[in-house]
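Visitor: Could we go through this structure together? I would like to begin with the strands.

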Amino acid sequence: WRELLGVEKVGVRDSFFDLGGHSLIAVRLFSMIKKAYHIDYPISVLFEAPTIERCSAMIREAIGSVVPGAEGSAPGTPPRESHRSRYTHLVAMHAGEGGSRRPFFLVAGMFGNVLNLRHLAHLVGTDRPFYGLQARGLYGDHAPHETFEEMARDYLKELRTIQPKGPYLLGGFSGGGITAYEMAQQLRADGEETALLVMLDSRLPVSPPITGRDKALIHFQRLQRKGPEYLINWGRNRLRWEIERFERRFGEAEAKQQPYELHNEAIEAAFRGALPRYRIEPYPGAVTLFRPKLDKAHVLGPERVLSSELEFVYYDNDWGKLVGAVDVHEVPGTHDSMVLEPNVRVLAARIRACIQKAEAGIAAPARAGYSGLMEKVGNIPVAPAS
């Protein structure tokens, strides 16, 4: 921990997060754990075991009294999959906290990692259970989901062990919003209500194609803004892209990768493969959309505005044509930084207000029907708001 965090003195009960730990450091930490003990953990276990004391207890429980170490293990020993949680997807993001309010469930983005949502979970409030839903395939030899329908079905199976009956409070960050949308659809088909469906800058699975005419206009507009320098930089970037493509094709880039990854490439490939296969259906309910300021880099014509990342720009991210209503909130930051400090403070405050409003709108009979529920997950009691 001293080496990774750059901290001279570390106590066994000091929190990884309080010492400045983040997802990139966590990846390196679990790489070292995997190498030393041949145990494959998802980095989300840091929510359960954020200290050396608790992390070592998990390792000790997995390996028994014999410490593998460098000398005690046979080379090439395959990593064991060891995670004390009974969940594959569900991650309690308030260890030992959460109170008795109605839980909020948030699906992670395309890569399925919930660690970047820690700040948001904390700021939305430790008086409410907050669960992240992480992707299958982050660790071990599990294959990622290949369809959003299957993903939503498995997520709901675990979610319902926490809250068997609705109304539900759901959300999704980026690509996770598509999964949350499908979860709301499946709940509706089962006769359940989703009181709040939050999307954090989520977009539709498939966008309109960028035509050859669009590309020509984009180059022309960039040339007008930047002059001849644009052509020089474009040529350099194109050459760099071709070199990287060549290296990937012949395997040279693979040798440059870190020894431990979060199976990002496999999860991303499965996610992108699922996008065109998803048959998205209209949803009569409302969606609450949080997004950054619109990046209108290229205006190509009516209803054809592209961002600097060459994504189509719509006020409501184009969800309005599918859902009953879209409540749009513009928040500071970019697509990625909106969930990070300091921008996340604004986002969290507005989500908290939306959750309170949704709870206030839940009918008394539904509230009464839910009031008998009380299940304990770890140290987290789960029950409705009074």
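Guide: Three bridges join β7 (residues 194-200) to β8 (residues 283-291), and the two strands run parallel. Strands are DSSP runs of E with at least two residues, helices are runs of H or I with at least four, and both are numbered from the N terminus. Two strands pair if DSSP finds at least two bridges between them. This is a predicted model, in which local features need pLDDT of at least 70 and side-chain atom pairs count only at pLDDT 80 or more, while totals for chains, interfaces and linings use all residues. Residues are numbered from 1 along each chain as its sequence is written, and side-chain values use heavy atoms, with hydrogens and water left out.

Visitor: Which residue in β8 is the bridge partner of Met199?
Guide: That partner is Leu289.

Visitor: And how many bridges join β8 to β11?
Guide: Seven, and these strands run parallel. Arg291 has Glu330 in β11 as its bridge partner.

Visitor: Changing topic, how many aromatic pairs does a search of the whole structure find?
Guide: The search finds 10. Rings of Phe, Tyr and Trp (its six-membered ring) pair if their centres lie within 6.5 Å; planes under 30 degrees apart count as stacked, over 60 as edge-to-face and the rest as tilted. Tyr181 and Trp319 have ring centres 5.1 Å apart and planes at 40°, so this pair is tilted.

Visitor: Where do Tyr181 and Trp319 lie?
Guide: Tyr181 lies in helix α7 (residues 176-189) and Trp319 in the loop between β10 (304-306) and β11 (323-330), so the pair ties together parts 138 residues apart in sequence.

Visitor: Is Tyr181 buried or exposed?
Guide: Tyr181 is buried, at 0% relative accessibility. Buried means under 20% relative accessible area, exposed over 50%, and partly exposed in between (1.4 Å probe, protein chains only). Trp319 is also buried, at 0%.
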